[in-house]
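I opened this model to look at how its chains meet.

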Amino acid sequence: MNRRMNLWGLLFGAGFGFVLAGAQLHEYDTIHAMLRLDEPDVFLLMGAAIATSLPLLWVLERRRVRTLYGGTLTLSRSRPQRHHVVGGALFGTGWAVAGTCPAPSLAMVSSGAVLGLVAIAGLFAGLHLRDVHVRRAPADSDGEHRALPVPVAAR
Amino acid sequence: MDVLPDRIAWYVAGPALGLLVVGLFLVANQPLGASGAYVQTAKVIRREPDAVVWRAWYFVGIFVGGLIATILGAGFELRSGYDALRVVWPLGVVIGVVAVGAVVMGYGARMAGGCTSGHGICGTAQRSPASWVTTISFMGTAVLVTFVLRLVTGGDL
């Protein structure tokens with residue numbers, strides 16, 4: 001399974017990077033214009049992504065669909081806690097200043113923009129700093145890689 | 001090569017992204033988050049035994065996909081990027097600003113357990129209350145901080 005999953009990983013990453021760069025989300029100017037509320041495109045893009053995936057995931061979970069490598073499809077729904085609010089606020093601050101976020105900064109570099117390397121290095125440092133600062137596994141990661149099966153706290 | 005338009009419209013890119021999210025759930029039962037991929041890639045580099053190797057391939061894939069879109073679009077060209085910032089500040093300051101912003105962003109993403117893709121799209125699509133709260137928090141803060149940046153730079157940014 002491992003080798004095949006590596007290939008799936010590469011393919012999903014490539015699809016993701018393709019869409020991000022194709023929609024110009026890897027450009028500082030696009031993100032800055034969004035956060036200045038000059039143009040609604042990126043908000044609409046995120047909204048359309050959620051509007052597409054939310055109902056599909058809902059139905060797939062209800063039907064207890066078997067996934068290829070991860071057992072029965074399960075969604076995780078954690079209760080909001082203080083670290084979500086504070087972490088989100090810190091993330092939002094950095095996002096506004098650096099004008100990019102973790103995935104678009106990778107596509108930024110492969111589009112030829114060298115300063116994206118500074119963003120990537122900073123992200124690695126910041127993620128690591130948090131792990132050094134708090135010596136325990138981060139709780140309730142509905143957005144990061146998760147251990148399966150998933151605990152569902154707030155269903 | 002100008003095969004792609006200058007910018008794929010939101011109503012095409014958004015649903016495409018949504019289908020990728022659903023697709024990764026169908027294959028691996030995992031969210032399409034990016035900050036977690038950084039964490040796993042760092043683990044792979046440090047050769048930690050619990051590293052999730054396919055996340056590192058996924059990390060590499062984002063580079064590859066970005067490169068393909070660039071080649072099919074405007075074409076690959078080495079440049080600095082951050083054009084709007086470089087008009088306002090000299091290169092050294094821009095590097096410092098981007099670095100500090102990225103460190104704060106990484107710290108916050110790890111604290112919240114996800115970023116724009118992880119919480120903002122995959123978590124909200126899972127109807128996770130924690131992800132909705134995180135997303136509202138970073139969206140609101142980012143708009144506010146952008147407004148403050150605009151004031152501080154006298155409207156240049």
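My entries below cover the interface, the salt bridges, and then the cavities and a pocket.

I am working from a predicted model, where local features need pLDDT of at least 70, side-chain atom pairs count only at pLDDT 80 or more, and totals for chains, interfaces and linings use all residues. Residues are numbered from 1 along each chain as its sequence is written, chains are lettered from A and ligands numbered from 1 in the order in which they are written, and side-chain values use heavy atoms, with hydrogens and water left out.

**Interface.** I looked up the contact first (heavy atoms within 4.5 Å). Chain A gives 114 residues to it and chain B gives 113. The two chains bury about 10,400 Å² between them, with 72% of that on carbon and sulfur atoms. Buried area here is the accessible area (1.4 Å probe) lost when two parts are put together, summed over both. B:Tyr38, B:Arg110 and B:Arg127 supply 8% of what chain B buries against chain A, more than any other three residues.

**Salt bridges.** I used this rule: a side-chain nitrogen of Lys or Arg within 4 Å of a carboxyl oxygen of Asp or Glu. It gives eight salt bridges over all chains. Four salt bridges cross the interface of chain B and chain A.

I followed B:Arg110 next. B:Arg110 pairs with A:Glu144, closest N and O atoms 2.6 Å apart. A:Glu144 lies in the segment after α6 (116–133) of chain A and B:Arg110 in helix α5 (91–112) of chain B, so this pair joins two chains. Helices are DSSP runs (H or I, at least four residues), numbered from the N terminus. B:Arg110 also forms a salt bridge with A:Asp131, at 2.9 Å between the closest N and O atoms.

Are these side chains buried or exposed? I counted under 20% relative accessible area as buried, over 50% as exposed, and in between as partly exposed (1.4 Å probe, protein chains only). A:Glu144 is buried at 4%, and B:Arg110 is buried at 9%.

A:Glu39 and B:Arg7 form another bridge, 3.1 Å from N to O. A:Glu39 sits in the loop between α2 and α3 of chain A, and B:Arg7 in the segment before α1 (10–28) of chain B, so this pair too joins two chains. A:Glu39 is partly exposed at 23%, as is B:Arg7 at 28%.

B:Asp50 is partly exposed at 48%, whereas B:Lys43 is buried at 16%. Shared partners join A:Asp131, A:Glu144 and B:Arg110 into one network.

On a 1 Å grid over the protein atoms alone, a cavity is a set of points where a 1.4 Å probe fits but cannot get out; a pocket is an open set with protein on both sides within 12 Å along at least five of seven lines; lining residues have an atom within 4 Å of a point. Volume is the space filled by probe spheres set on the points, which are joined across faces, edges and corners.

I found two cavities of 30 Å³ or more. The largest cavity holds about 150 Å³. Its lining has 16 residues, with A:Leu20, A:Leu25, A:Cys101, A:Pro104 and B:Thr116 nearest the centre. The second largest cavity has about 40 Å³. Its lining includes A:Leu25 and B:Arg7.

The second largest pocket has about 280 Å³ and 18 lining residues.
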